[in-house]
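Please read the points below with the structure open beside them. They are meant for a reader who has not looked at this structure before.

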Amino acid sequence: MSLWLTHPLFIPSLVVGITILLWATSLLPEFITALIFFSVAMVAKIAPPEVIFGGFASSAFWLVFSGFVLGIAIRKTGLADRAARALSSRLTDSWPLMVASVVLLSYALAFVMPSNMGRIALLMPIVAVMAKRAGIVDGTRAWYGLALAVGFGTFQLSATILPANVPNLVMSGATEGSYGIHLNYLPYLMLHTPVLGWLKGALLVGLICWLFPGKPHAPMDVMPPAPMSRDEKRLAWMLAVVLLMWVSESWHGIGPAWTGLAAAIITLLPRVGFINGDEFSSGVNIRTCIYVAGILGLAITVTQTGIGSAVGEALLHVMPLDADKPFTSFLALTGITTALNFIMTANGVPALYTTLAQSFADATGFPLLSVIMIQVLGYSTPLLPYQASPIVVAMALGKVPARAGMLLCITLAMATYLVLLPLDYLWFSVLEKL
């Protein structure tokens with residue numbers, strides 16, 4: 001025991017462990033826990049300031065910030081109402097149809113828009129107005145269900161599309177850097193979409209309808225919409241340019257965060273933009289921005305201090321990896337990813353897991369590429385909301401209480417591991433990946 005107390009990782013592990021515990025139990029507001037992490041980590045000097053506060057330099061942080069600003073402008077100009085009017089006229093006949101349409105829209109947008117945060121920022125104000133027109137009131141369980149449909153549909157289902165979320169890109173970069181293997185778009189899509197896209201999407205719709213029941217009604221107003229105002233047209237053109245920049249990122253090399261930040265600045269400019277200072281201060285949720293920075297900073301700290309590597313190596317020796325028991329090994333590898341998700345969050349898991357993949361392949365007898373691909377099921381299925389920052393942002397934008405997000409997280413994870421994991425194993429086998 002005394003040896004462990006003097007171990008160089010003891011204090012960092014203690015700080016990280018308490019932070020995760022506070023987030024998981026919601027004993028304190030999430031942003032206060034993030035501030036405690038920043039202060040204690042700096043006082044204890046567990047990592048340099050640029051590591052602890054690295055979340056503020058992350059593109060994900062600035063996508064969250066710009067998403068809030070653009071969301072205010074979309075609502076203020078009436079563009080959200082116009083889009084919601086077009087959607088709600090056909091998609092609010094029943095609750096399952098409404099939930100399924102939101103999940104499908106969240107998933108479909110991932111094919112053309114590479115940023116989880118950007119998609120959530122674009123969809124949430126539209127879905128909010130769509131819900132209001134269908135009689136779904138803010139603060140009700142039905143509204144929580146729709147807000148979570150945006151968050152879960154955006155993050156979990158987009159894991160099946162290679163360039164559509166941050167963990168996928170981290171995995172792709174780590175795979176190429178460590179093993180010289182380049183992941184291709186179509187084979188990746190074919191491997192993951194049937195189970196983790198289509199079936200998981202159907203499972204998500206079913207669980208939301210069950211856990212968050214609602215009774216939408218057809219929109220009451222049947223008057224045709226008024227012509228677009230000058231501000232609506234200007235904002236629509238700007239969003240079209242932003243979307244084009246996001247889609248063509250591979251060509252020009254400008255990240256979605258910086259395109260979004262530039263658009264947010266234009267939105268805030270006097271006489272040129274769409275919102276004033278008071279609207280900015282009341283609409284931008286600084287609490288969520290701090291929380292997201294805390295999550296990202298924690299993941300960077302875990303990696304830089306060596307906590308993640310130590311946990312990964314320990315799991316390698318503890319988990320039942322056996323070449324003679326392929327399903328058990330498949331289950332164990334998924335379990336390793338799930339365990340790493342608790343300490344590194346989804347963005348950090350692929351960076352560590354991928355570097356250990358050769359050892360896992362040697363122990364299981366699986367091909368190296370298959371071992372790398374197995375992690376997608378684990379990091380795309382968080383057990384708690386804090387493990388996936390896009391879900392946290394969707395919950396904040398929709399003012400969803402932590403308990404509701406945790407309920408769907410845990411229920412969907414249990415259903416995924418009980419139902420979809422065996423099917424994913426069978427699909428890997430059919431494609432001769434194991």
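This is a predicted model: local features need pLDDT of at least 70, side-chain atom pairs count only at pLDDT 80 or more; totals for chains, interfaces and linings use all residues.

1. The contact is made on the H9 side by Arg 141, Tyr 144, Leu 148, Phe 152 and Gln 156, and on the H22 side by Ala 404, Gly 405, Leu 407, Leu 408, Cys 409 and Leu 412. The crossing of these two helices is right-handed.

2. The protein has an average pLDDT of 84, and 93% of its residues score at least 70. Among its elements, helix H22 (residues 402-430) has the highest mean pLDDT, 95, whereas helix H1 (residues 2-5) has the lowest, 52.

3. The largest nonpolar core holds 141 residues, and those that touch the most other members are Trp 143, Leu 146, Leu 333, Tyr 353, Phe 360 and Leu 408. One of these six, Leu 408, is also among the H22 residues that make the contact with H9. Another of them, Leu 146, touches Trp 95, Met 98, Val 99, Val 102, Val 127, Ala 131 and Ile 136, when residues up to four places away in sequence are not counted. In soluble globular proteins, nonpolar side chains tend to be buried together.

4. H2 passes H16 in a left-handed crossing. Where they meet, H2 contributes Val 16, Thr 19, Ile 20 and Trp 23, while H16 contributes Tyr 291, Gly 294, Ile 295, Leu 298 and Val 302.

5. Helix H16, which spans residues 286-305, also holds Thr 301. Is Thr 301 buried or exposed? Thr 301 counts as buried because its relative accessible area is 0%, and the limit for that term is under 20%. Apart from neighbours within four places in sequence, Thr 301 is in contact with Phe 37, Ile 46, Ala 47, Val 51 and Ile 52.

6. Gly 55 is placed in the loop between H4 and helix H5 (59-77), and with a relative accessible area of 0% this glycine is buried. Its contacts, leaving aside neighbours within four places in sequence, are Phe 61, Ala 293, Leu 296, Gly 297 and Ile 300. Although Gly 55 and Thr 301 are 246 residues apart in sequence, their C-alpha atoms are 9.9 Å apart in space.

7. Lys 45 has a positive phi, near 55°, and lies in the loop between helix H3 (30-44) and helix H4 (49-52). Arg 271 likewise has a positive phi, near 65°, and is found in the loop between helix H14 (256-268) and helix H15 (277-283). Lys 45 is exposed, with a relative accessible area of 71%, and Arg 271 is exposed as well, with a value of 85%.

Methods
Residues are numbered from 1 along each chain as its sequence is written. Side-chain values use heavy atoms; hydrogens and water are left out. Helices (H or I, at least four residues) and strands (E, at least two) are DSSP runs, numbered from the N terminus. Buried means under 20% relative accessible area, exposed over 50%, partly exposed in between (1.4 Å probe, protein chains only). Contact means heavy atoms within 4.5 Å. A nonpolar core is a set of buried Ala, Val, Leu, Ile, Met, Phe, Trp, Tyr and Cys residues joined through side-chain atoms within 4.5 Å. pLDDT is the predictor's confidence in each residue, from 0 to 100. A crossing is left-handed if the near helix is turned anticlockwise from the far one by less than a right angle, and right-handed if clockwise.
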